[in-house]
Amino acid sequence: MYQWRKFEFFEEKLGGKCAIPEEVGGEITCSSSGRGKLVIGCDDGGISLLDRGLKFNSGFQAHSSSVLFLQQLKQRNFLVTVGEDEQLSPQQSALCLKVFDLDRRQEEGSSTASPDCIGILRIFTNQFPEAKITSFLVFEEAPPILLIAIGLDNGCIYCIKGDIARERITRFKLQVDNALDRSQSSITGLGFRVDGPVLQLFTVTPASVSLFNLHSQPPARQTLDHIGCNVNSITMSDRSELIIGRPEAVYFYEVDGRGPCWAFEGEKKFLGWFRGYLLCVIADQRSNRNIFNIYDLKNRLIAHSLVLKEVSQMLCEWGNIILVLNDKSALCIGEKDMESKLDMLFKKNLYTVAINLVQSQQADAAATAEVLRKYGDHLYSKQDYDEAMAQYINTIGHLEPSYVIQKFLDAQRIYNLTNYLEKLHEKGLASKDHTTLLLNCYTKLKDVEKLNVFIKSEDGVGEHKFDVETAIRVCRAANYHEHAMYVAKKAGRHEWYLKILLEDLGRYDEALQYISSLEPSQAGVTVKEYGKILIKHKPVETIEILMRLCTEDGESTRRGASNGVYLSMLPSPVDFLNIFIHRPGALMEFLERYTDRVKDSPAQVEIHNTLLELYLSDDLNFPSISQANKDGELDSRARPAAAGISKVVTDGKLVSNDKDISKECLERREKGLRLLKVAWPTDMEHPLYDVDLAIILCEMNGFTQGLLYIYEKMKLYKEVIACYMQAHDHEGLIACCKRLGDSGKGGDPTLWADLLKYFGELGEDCSKEVKEVLTYIERDDMLPPIIVLQMLSKNPCLTLSVIKDYIARKLEQESKLIEEDRRAVEKYQEDTQTMRKEIEDLRTNARIFQLSKCTACTFTLDLPAVHFMCMHSFHQRCLGDNEKECPECAPEYRSVLEMKRSLEQNAKDQDRFFQQVKTSKDGFSVIAEYFGKGIVSKTSNKQTGTLR
């Protein structure tokens with residue numbers, strides 16, 4: 001005891017010593033606490049209730065004589081007392097037990113009003129003979145059941161169980177000791193212990209410690225020890241341990257016997273338990289004084305020590321310890337707050353005590369970490385770096401790591417820093433910077449073994465305890481490539497694994513094998529990122545991987561026959577174009593193999609566009625890429641379509657014949673032309689490539705064959721002959737017009753007019769070609785001679801002899817037409833004159849009808865008869881109801897009227913009129929016909945006004 005340090009962790013409350021209120025008149029014999037008040041029993045039978053601050057609350061007369069024992073219940077506001085009352089007969093004992101309901105009082109509003117006494121029991125009966133009561137304890141079972149244990153001086157314990165208010169009780173007796181000497185067998189202390197459903201009772205005598213199991217019937221007794229103690233030297237801990245005090249030590253007991261003991265010398269007058277502290281009032285024989293000590297058994301220190309006079313009662317309530325002295329004075333002692341206690345310890349540099357204190361009192365983790373930090377700072381200032389780091393490690397999770405790291409950045413303390421960082425990673429609280437720092441420590445120490453352990457360590461769920469990307473980056477920088485690869489592979493960071501293999505180690509074959517082992521989706525991502533390096537060093541193998549990714553190789557076997565849905569789920573070759581930026585030849589090979597394998601790819605348009613760009617490029621490069629790499633290079637290649645093209649005719653088409661073009665380039669252009677044709681089948685309206693892009697590529701690279709094919713497929717015949725005109729290929733030009741200018745085969749006859757205009761503006765002698773062109777113009781009568789003369793007059797190299805025969809034939813033809821028209825006019829004039837005379841005759845002269853037969857039935861005409869002005873006569877019976885028109889002439893007349901109505905209707909259809917003018921070879925004749933039929937000139941006044 002004397003080796004334990006003393007501290008002042010407690011302080012006196014209420015201003016020090018204070019007096020019990022004067023309302024407590026008698027001598028205090030017993031006390032209890034609970035539910036926010038103190039209960040004091042006196043030898044005059046009165047009971048007083050005291051509030052916080054030891055202020056008198058109320059009092060009442062519980063017994064007529066003395067109150068021997070009392071206990072305030074916790075669950076209900078009941079008070080159980082044992083005291084002396086008036087003796088009704090000599091045979092009955094004066095001792096009785098009472099139960100008071102403190103919430104119900106007989107006289108409301110009075111401080112001396114007595115609470116309801118809900119039950120009174122005589123303790124001693126014939127079956128339970130009277131003896132001196134030495135101890136008393138109440139256990140609250142499920143309300144309203146109480147278990148009351150009354151210890152006697154004869155070694156017996158009387159137990160009363162039940163609802164006392166309703167007098168539904170049972171009594172039983174427990175025998176502890178049968179010793180003849182009552183001083184050694186009296187019950188000095190009791191203590192209940194609950195172990196699950198089992199209720200146990202500790203009993204103490206001066207000579208023994210026993211344990212009764214009240215769950216068994218009859219209750220079984222177990223002797224725990226053959227030494228005991230006197231009254232008031234018994235208490236129970238918060239862990240249901242029995243504590244007894246003897247002059248030589250304080251003993252702890254559990255159900256299996258004696259536990260630890262503490263050698264505190266001196267007679268123990270009072271024992272108590274308060275918040276994990278042991279309370280002892282010890283009589284010091286040398287100084288004849290009483291010493292009140294508060295022991296912290298966990299930390300082996302005396303939290304408070306105080307010299308006192310004789311103590312009458314010791315209670316705990318309101319978070320304080322209340323000591324009642326014999327002179328009716330009282331001390332209220334309370335525990336200081338944690339901060340005050342720690343400040344006291346810090347001033348004395350008692351950091352270990354402070355740490356034990358906060359841990360034993362279950363302080364929050366932040367407070368514990370703060371104490372550890374201060375202790376670590378103290379050790380660091382003393383240059384005890386190892387111990388300081390041990391303390392700092394215990395603060396992980398609460399103390400900012402940078403606080404510790406900054407202290408140990410010195411190279412001489414790198415081992416301590418490494419230890420701290422390892423613990424930080426073990427607890428999963430390390431950041432990327434911490435990982436970087438730890439790996440740098442390993443590399444500086446060249447501790448490969450620890451580096452291996454750290455890299456291969458995992459947490460409980462199989463994941464790394466550090467930031468994977470940071471670890472890889474640091475290991476790469478320190479040339480620990482194998483470690484970086486291990487982490488990358490373990491964490492599934494395929495991009496990092498391949499980056500190390502390709503950029504750091506140059507192990508291309510291993511990288512390709514690793515990509516092949518990945519899932520298709522992951523393999524596709526990695527190839528997109530690192531394909532440029534792979535294509536540069538291993539083009540063949542890389543193309544094989546791409547073919548497996550983009551086609552159904554390997555998958556079709558498992559999935560069965562290929563289908564469009566699955567094909568659409570595969571990666572597209574277009575996704576990998578960027579990896580071939582410096583290897584267009586490999587790209588061409590890859591796309592050719594793909595198109596040979598897959599015929600219905602969703603991206604076939606883009607693929608064909610790319611192939612065309614490759615096929616038509618002179619130096620096997622992308623024009624767009626060349627432009628991005630070097631300004632102006634594109635312009636040097638974008639020469640006119642006819643550049644380097646000479647007159648070579650093959651079935652009326654131009655072909656390239658540039659001596660500078662290599663054989664390889666010619667082969668690629670042949671592939672390009674073949675692709676243009678294959679990708680535009682005759683049954684498809686649009687091709688499987690971008691037509692505009694194909695035209696641009698052909699023009700940029702001077703690929704006239706492809707340009708002619710596209711123009712012809714798009715029916716852009718004028719552009720076709722424009723190519724020949726630009727190349728001055730007259731023979732091919734005429735052949736092209738023969739093929740494309742035949743309207744009977746869907747051609748455009750106007751091509752001959754364009755051709756004639758070209759020769760007229762050529763400025764060189766082309767008599768032969770002009771004569772041939774005039775032949776076809778004359779055959780189809782496409783142009784008037786005057787237009788022909790105007791076109792050819794612009795060419796100074798052409799003589800009149802070129803068109804002499806043509807003009808002669810046209811003049812002869814025109815003369816014949818004029819003569820035919822003159823004869824027709826004369827005939828029409830004669831017919832018109834005849835008709836006019838006939839009309840005049842009808843108007844002025846009578847008509848004589850001389851027919852003797854009916855025109856309808858050919859029988860002799862008799863009356864009644866009908867004669868028409870057309871000189872037809874009919875029996876009236878032969879006409880029937882139709883007497884207004886001649887049956888013989890009516891059909892012809894109706895057709896004329898119908899034609900007239902049709903012409904008038906057509907006069908209103910302007911679209912049809914203009915369409916006839918446009919499609920006719922001689923538009924003037926159409927207009928003349930409309931005028932001749934009186935369609936155009938015959939308009940209403942309303943229409944005329946509208947036109948104006």
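The model is predicted: local features require pLDDT of at least 70, side-chain atom pairs count only at pLDDT 80 or more, and totals for chains, interfaces and linings use all residues. Residues are numbered from 1 along each chain as its sequence is written, and side-chain values use heavy atoms, without hydrogens or water.

H13 spans residues 508-517. Helices are DSSP runs of H or I with at least four residues, strands are E runs of at least two, and both are numbered from the N terminus. Tyr 508, Ala 511, Leu 512, Tyr 514 and Ile 515 of H13 are buried, that is, under 20% relative accessible area. These buried residues fall within an arc of 160° seen down the helix axis, so they line one face of H13. The arc is taken from the directions from the axis to the C-beta atoms. They pack against helices H11 (481-491), H12 (494-505), H14 (520-537) and H15 (539-550).

Ser 312 is found in strand E27 (residues 311-317). Its relative accessible area is 14%, so Ser 312 is buried. Beyond four places in sequence, Ser 312 touches Ile 28, Phe 270, Val 324, Leu 325 and Asn 326, contact meaning heavy atoms within 4.5 Å.

The largest nonpolar core has 160 residues. Such a core is a set of buried Ala, Val, Leu, Ile, Met, Phe, Trp, Tyr and Cys residues joined through side-chain atoms within 4.5 Å. Phe 292 and Leu 756 touch the most other members. Helix H27 (residues 750-760) gives the largest share, seven residues.

Conventions. Buried < 20%, exposed > 50% of the residue type's maximum accessible area, 1.4 Å probe, protein only.
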